[in-house]
Amino acid sequence: MNNKMILNNGQIIYPSYMSNEDKNKLKTFIANRNNVMYCGCKADVPDEEKLYYRLSADNKFIPLHKGYKHAVGCDRSSEKRSSAFITLDSSDDYIATYLRFNPLNFTPPVKQRKLAQEDENTNSNNEVISKGKKIKEPFLNLENLIRCINIDAYMERLIGKGIVLSRDYFLNAIKGRIKKVKVVGMDKSLGSLNYENDWCTFFYCKFIDLSKNEKGYWNLTLENNGKTFRIGIREEIAEKQIEKFQKAYCGDLPYSDKSVMAAGFIYKRISKKMKEYYTVGRLHLFKTTYNEGVYCCDNVEKELYEIIFNYIKHRNTQARLYIPVEYTNYNCEIVTKKDRGKIYVGSPKYTSEEKAFNYSGENATIEQLVKFIDSLLV
Ligand SMILES: [Zn+2]
C-alpha cells in the first residue's frame, strides 16, 4: 500500500484513511490554488515533474494534467500492480486484496498438507508471474493478509482518530475493517462470507487453546465477544500451525502468551451420514502487543513495539508509531511534529539518507531506543 499525498508545506496525508469530513477540510485548505498537493511517489523531483492533484466537488482525487507517469511501486500507477492490498483515496471504499489462494475453496483433506504449503510459499515481497500478462505482481498468503488487515486497521485509527485504542476496542476496529476487505475475483467482502451461501466464514478472534481431546480429535478454542467456542481442526493443520508459531516466536507455544490471536477460515462440510459439521481449514496464530493488539511478526518486533507504546504513554504523547501495512525494509517509523525516523532490525535492503535506527546488537536496549526517539522531538 503506497498511496500518500504530500502538500506543499511538507505535510503528508493518507487519502485512504480520510473521511468525507477530512476531505472537506483539505479542500478548504487547498481552496482554489493549483499545485498544492502531489502524489507521494514523486516527492524528490523538481516541482515541474511532480504529479499534482486536486479534490473534485464530490471529493475524488483528480490529477491536474494528463500524461502522468507515477514512480514504480506507486499504487496510482496503472502500469504494474506493486501492492496486494490496495486502498485508494477514501476510507469509505473497499480495500482490494490479491490473494495467493481461493478462500472459498476447501481442498479435500488428503490434499490439505500440500495446500497449506502452497499458501506459505508467497508473501507480499515475493513476486509471482501472473499467467498471460507476463508481469510480476504481488499476492498475499494468509499470514500476510491477516497482518495487512491488522496493521491497516491500526493505521486507520492512528491517522483518522489520532489515538491508539485498547485491545478490545481495536478488535472491533479490525472487525469493521474486515467488512471492507474484498478479495479480487470474489464479489463480496471477507466480513460478509457466510455458511449459508459461501459455506465458509472468516474469523479473527482471541486464541484460547489448540489441543487434542481424549478421543484423539483436535479442537481450536477461540473467544469472541467474551464467549468461548470450539471448532474441530484436522490434526495436520493444527500441528503445522503450532510448529510455525514456534518457529516464528523463538520456540514459544501459543498457550504461553495472553496476546496470541487466531485468524483464518472455517468451512461448513457434510459427512457421509449427511450431517453438517464445521472445520477450521485455514489458520494463522500470531502474537500481538499486549495492550493494543498490534500484530508482531516475531518476539523482537513485539518487544520493540511495546517499548515504543510505553514511551508514548509515559514519556511523550507527541510521538506516534507508524507501521507500514505491507512489508518493507524497515519495521516502523516514529513520527513527531518536528521530525520522523525509521527503525529497523538487522540490515535494511537499501540505505537512505533518512534518519534511521537499527534496533539490534548493542543498540537493542531501551536506553538506546529512547535516545533515538528523544532526538526526533528536540
Ligand atoms: Zn504516484
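**A tour of the sheet around strand S15**

Strand S14 (residues 261-270) and strand S15 pair in the antiparallel sense over ten bridges; strands are DSSP runs (E, at least two residues) and helices likewise (H or I, at least four), numbered from the N terminus, and two strands pair if DSSP finds at least two bridges between them. This is a predicted model, in which local features need pLDDT of at least 70, side-chain atom pairs count only at pLDDT 80 or more, and totals for chains, interfaces and linings use all residues. Residues are numbered from 1 along each chain as its sequence is written.

Select Tyr 267 next: Thr 279 in S15 stands opposite. In the hairpin of S14 and S15, with five residues between the strands, Met 274 takes a positive phi near 65°.

Continue to strand S13 (residues 227-233), which runs parallel to S15 (residues 276-288) and is joined to S15 by two bridges. Ile 233 has Val 280 as its bridge partner in S15.

Then select S16, which pairs with S15 in the antiparallel sense over two bridges. Here Tyr 295 of S16 stands opposite Thr 288. Six residues separate the strands in this hairpin, where Gly 293 takes a positive phi near 85°.

Return to Ala 262, which touches Cys 205, Phe 207, Leu 220, Leu 222, Leu 283 and Leu 285, leaving aside residues up to four places away in sequence; contact requires C-beta atoms, placed from the backbone, within 7 Å.

Finally, colour by pLDDT, the predictor's confidence in each residue, from 0 to 100. The protein chain averages 88, and 91% of the residues score at least 70.

How values were computed: Contact = placed C-beta atoms within 7 Å.
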